[in-house]
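Let's take a walk through this structure together, moving from its overall division down to individual contacts. Please have the sequence and the 3D view at hand.

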Amino acid sequence: MSGPNEDNNTQLASHFFGDLLDSIIVDVASECHRIAKLGLDRNLEEEEEEMRLSVQARARVADPSNSSETNTKYVVDIFGQTHPSVATEIFECMNCGRSIAAGRFAPHLEKCMGKGRKARLKVTRSSTAAQNRYSRGSPVSTYSPYSNSTSTNRLSNGTPSVAGEEYSNGTYEEPWNKT
Amino acid sequence: MCLRSSSYTSPKPCKHLADYKLRHAFNGYDSLQNCIKTTPIGRTRVDNHNTKIPRCNFCNGYQGRLYICLMCSSISCSIHILLHTQTKSGHDVAIDIERSELYCCLCCDQVYDPDFDKVVVSEQIKGSCPGRSNKRRRLDSGMELDLKKSKQLIAMRDGRAKSCYPLGLRGLNNLGNTCFMNSVLQALLHAPPLRNYFLSDHHNRDECKRRYGEKLCLLCDIGALVSAMFSGDRSPYSPAQFLYSWWQHSSNLASYEEQDAHEFFISVLDGIHEKESKVRNSSKDDGDCQCIAHRAFSGLLRSDVTCTTCGFTSTTYDPCVDISLNLDTVNSFAAAKTGLSTLSGCLNLFTRAERLGSDSKLHCQNCQELRDTSKQLSISRLPLVLCLHIKRFEHSLIRKISRKIDQYLQFPFALDMTPYLSSSIVRSRFGNRIFAFECENSDSSAEYEIFAVIAHSGMLESGHYVTYLHVNNQWYKCDDAWICEVDEGIVRASQCYMLFYVQKLLYYKANKDLSCNVSVESR
């Protein structure tokens, strides 16, 4: 059977816990009181308004009955013009002088200048970027303490040259590292 | 609209506090000065050497809140503090022992006094860091480009004719997977300092050719681009010369393949800086560089590393041209409340004090040993144009692959950066005391207005960039060659990747200058 000592200890323990908890609660109250009295918590209304507008906007966009913006893509732009999906303007390549269509200019220039995957050494983009930065004494900093520029940390555009992995929208069990 | 000269207000003292100060000035504060003790990270308490455990004079209790009287140093608990002031006339003001906060016994409320806070902070600083450096960066706003003084914005303009769209709106042809470039160019060309710089012909192309005779100059090409965009010609422009120039400059990025807009952004600013420092023949560091890229985008970040044992803090400063933010995902406490990731959540995460792991102990100058540390970032000097980059990628530790985070991020159109300034962060570290900390910088405003959003849709390895521009009170979507008007709700709901804000004052100036015809938009 439990002796009076054990009851006493439990009581004491919860007593101290209660004291500590009270102290912490008063800490928070005191800090908030100070912040409020000194006017350090302004702009709450503006922040709430911005939040409200964002939530409202998302709801409207998600609503299928609303004509989505992609419907306007793209018959006529605001100047009354229409454009093909691949730009057709023709101009001269400044490297070789050939006439090239705008929408095909980049791939042409790549070969023309001897750049591109096949042309350059197989190095990751990030390490050459870092090398270039240091060798030029590049002053535009990427503040190393919290940037983590690996070649994977990039949002790319355009079509991939290799079939990329499809990610499902399901939950993952593996740990993801924030970079 | 008025500028705050300080980010806090000193509240009016209550009658009793005012009386006390009139009669006793700083006597009470001074006598207690030596008793104020600060733990390295945490609270400041009043440690009266006389008693081991502080107890209430009346009931001998030691629990709850205890107050020490400023007049007679006697200690009372919260129940009996009123009794103390009733029995001893004039003993109206006391201090909360645990928290070093002033308490008015007659008002029964916590009160605040800058002079008392000054004493507390002096003790806190003295206690934690002997001989801190007081480097104070001078603010160079570089705002005075060739602009006339702006007047107040007036009248609404209605009945806008099709021909009357603001200058500078023009589509950019996609030259083959170059939407990453087009999206950044649209944002840059509409950044008021850059736009004005090039429109005012600060980099004169003829003179550049004459003096340097170089075939390729990134600045000349940007200048040509700006002229083309503002020429009034509305047919989409092909930035081919610019692409050629840029590939010469950043040969490691020169390839026809998927690219990242943020990487391109950094690369362009780097190119501008390089060229301009060659021109000016200067080699100043980023903090004082006067090239247009740095004048517009350069800010200063402050990093405080604190020893968790003794409280000694070492501070370093790093210039930056943008801020990359991690998403405050639903895994974080703040987002969990509303289920929504917000920009302020990301900025809070960025400026949060972070305990570095015990496997990364640092050498503390004070302790002369390896210690656990806590690191905190803050913004010491804000730029004219603030570029916020959202890191929308995760890296799997197991599979060694990355994926994009599509999570929606709420962002405001009007942004107040005050809570993330070094002055605010440092002040909150000292309990938000009323004190002019060395990093106080009231020269510039911390209020910003958004003017461009770069949004990304699609996957990590393939996707599409568009830019939303806010010009003359209207939002436009710039999707390569296509310029369309969109409702602001579309922008708010978009998946932002890079956000461009400009200081509020500049924003109003810019809108005034850009209006076509004579009428201007109201805001």
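Which domains does the domain assignment give for chain B? In this predicted model, domain 1 covers 15-126, and domain 2 is made up of 167-277 + 290-301 + 319-360 + 383-522. Taken over C-alpha atoms, the centres of domain 1 and domain 2 of chain B are 50 Å apart. The two domains do meet: 14 residues of domain 1 of chain B contact 6 residues of domain 2 of chain B. Between them an area of about 810 Å² is buried, with carbon and sulfur atoms giving 63% of that area. On the domain 1 side, Asp117(B), Val121(B) and Gln124(B) lose the most area to domain 2 of chain B, together 48% of what that side buries.

Now turn to a pair of helices. The axes of H5 (residues 179-189) and H8 (residues 218-229) of chain B come within 11 Å and cross at roughly 80 degrees. Angles of 65 to 115 degrees count as roughly perpendicular, and H5(B) and H8(B) therefore fall in that class. H5(B) brings Leu185(B), Gln186(B) and Leu189(B) to the contact, while H8(B) brings Ile222(B), Leu225(B), Val226(B) and Met229(B). By class, that makes 6 nonpolar residues, 1 polar and no charged ones.

Next comes a sheet. Four strands of chain B form an open, antiparallel sheet in the order E9-E8-E15-E12. Strands E9 (313-320) and E12 (354-355) of chain B each have a single partner strand, so one side of each is left without a neighbour in the sheet. E8 (residues 299-307) of chain B pairs with E9(B) over 8 bridges in the antiparallel sense, and Val305(B) stands opposite Ser314(B) in E9(B). Helix H14 (residues 422-429) of chain B packs on this sheet, touching E8, E9 and E15 (373-381), and its direction makes about 145 degrees with that of E15(B).

Conventions: Residues are numbered from 1 along each chain as its sequence is written. Chains are lettered from A and ligands numbered from 1 in the order in which they are written. This is a predicted model: local features need pLDDT of at least 70, side-chain atom pairs count only at pLDDT 80 or more; totals for chains, interfaces and linings use all residues. Side-chain values use heavy atoms; hydrogens and water are left out. Two strands pair if DSSP finds at least two bridges between them. Helices (H or I, at least four residues) and strands (E, at least two) are DSSP runs, numbered from the N terminus. Contact means heavy atoms within 4.5 Å. Axes are lines fitted to C-alpha atoms, for helices over the stretch in contact, and angles run from 0 to 180 degrees between N-to-C directions. Angles under 35 degrees count as roughly parallel, over 145 as roughly antiparallel, 65 to 115 as roughly perpendicular and the rest as oblique. Ala, Val, Leu, Ile, Met, Phe, Trp, Tyr, Cys and Pro count as nonpolar, Asp, Glu, Lys and Arg as charged, and the others, Gly among them, as polar. Domain bounds come from an automatic or database domain assignment. Buried area is the accessible area (1.4 Å probe) that two parts lose on being put together, summed over both.
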